[in-house]
Amino acid sequence: EPDVQGFGVWWRWVLLNIFGRAVGFLFGFVLGHIVLGNVSIGIGEGLIVGLCQWLLLKRYIPRSGKWVLFSLIGLFVPIGLYGAAWLLWRFAFDFGWPMGALGWAGAYLVGGAFMGWMQLSILRRRIADPRPWVIWSALGWCASIFPMVIRADMSGDLPVILLILRNGMMSPAFAGLVLGAITGWGLMKMLGQGQRQTPAEDRQSISDH
């Protein structure tokens, strides 16, 4: 069984989240110009980040493919509702913050919690009490939105490809760093302690007594 202790596992999780967030945001941004608008950001990030996380997680938890689906649903639903509320009522969800930061933070907080709640069914196969994951997931996704507002103005004389790399990749990459650091820390702690016994271990424990 792979060892989950040590800095190396956490750092790989962080790198995968950086890559997933950058690529997922860019995918959602491009898709949003075709259909669904801002809702596509939730689709892109949920799908790609969930896939990247699963690539590492599958080493420790078998039959965990639904992790990707839960990540996609977890972001698509609240971001879709947030987008619909803004279109229907034009409510100032940003509360004066730049780029609607507080509104998006609320959507990602709900999305992270909803996603984490669905993912409990997978984590229970390895972790005795995975419920803290809902909090770690919510905090990670919520905190990760704030690096997105610290980005350069889209205007300027740079070529289009450089604007895409600067505004569409760098800021989401920093968001992925925050997301990966927070959720990775929580996940490694839970995987490294309080592990659920396998059926074979249960039988061995009974026979020892």
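Mentor: Start with the salt bridges: by the rule used here, the count comes to two. The rule asks for a side-chain nitrogen of Lys or Arg within 4 Å of a carboxyl oxygen of Asp or Glu. This is a predicted model, where local features need pLDDT of at least 70 and side-chain atom pairs count only at pLDDT 80 or more, while totals for chains, interfaces and linings use all residues. Residues are numbered from 1 along each chain as its sequence is written, and side-chain values use heavy atoms, with hydrogens and water left out.

Trainee: What makes Arg21 and Glu45 a salt bridge?

Mentor: Their side chains meet at 2.9 Å, N to O. The cut-off is 4 Å, so the pair qualifies. Arg21 sits in helix H1 and Glu45 in helix H2, 24 residues apart, and the pair links distant parts of the chain.

Trainee: Why is the link between the side chains of Glu45 and Arg21 also called a polar contact?

Mentor: That term needs a pair of N or O atoms within 3.5 Å; within protein, one must be able to donate a hydrogen and the other to accept it, and residues adjacent in sequence count only if both atoms are side-chain atoms. The side chains of Glu45 and Arg21 are joined at 2.9 Å, so the distance passes.

Trainee: How do you know that Glu45 is buried?

Mentor: Buried means under 20% relative accessible area, exposed over 50%, partly exposed in between (1.4 Å probe, protein chains only). Glu45 has 0% relative accessibility, so it counts as buried. Arg21 is buried too.

Trainee: Which residues is Glu45 in contact with, leaving aside its neighbours within four places in sequence?

Mentor: Contact means heavy atoms within 4.5 Å. Glu45 has Arg21, Gly24, Phe25, Gly50, Leu75, Tyr108 and Trp141 as such partners.

Trainee: What makes a group of residues a nonpolar core?

Mentor: It is a set of buried Ala, Val, Leu, Ile, Met, Phe, Trp, Tyr and Cys residues joined through side-chain atoms within 4.5 Å. The largest has 20 residues; Ile61, Trp67, Leu123, Trp133, Leu187 and Leu191 have the most contacts inside it. H1, H2, H3, H4 and H6 each supply at least two of its residues. A second, separate core of 15 residues includes Tyr82, Met115, Trp141 and Cys142. Trp133, Trp141 and Cys142 are among the buried residues of H5.

Trainee: What about Arg63: is it buried or exposed?

Mentor: Its relative accessible area is 68%, so Arg63 is exposed. Arg63 lies in the loop between H2 and H3. Its phi is positive, about 55°, although it is not a glycine.

Key: Helices (H or I, at least four residues) and strands (E, at least two) are DSSP runs, numbered from the N terminus.
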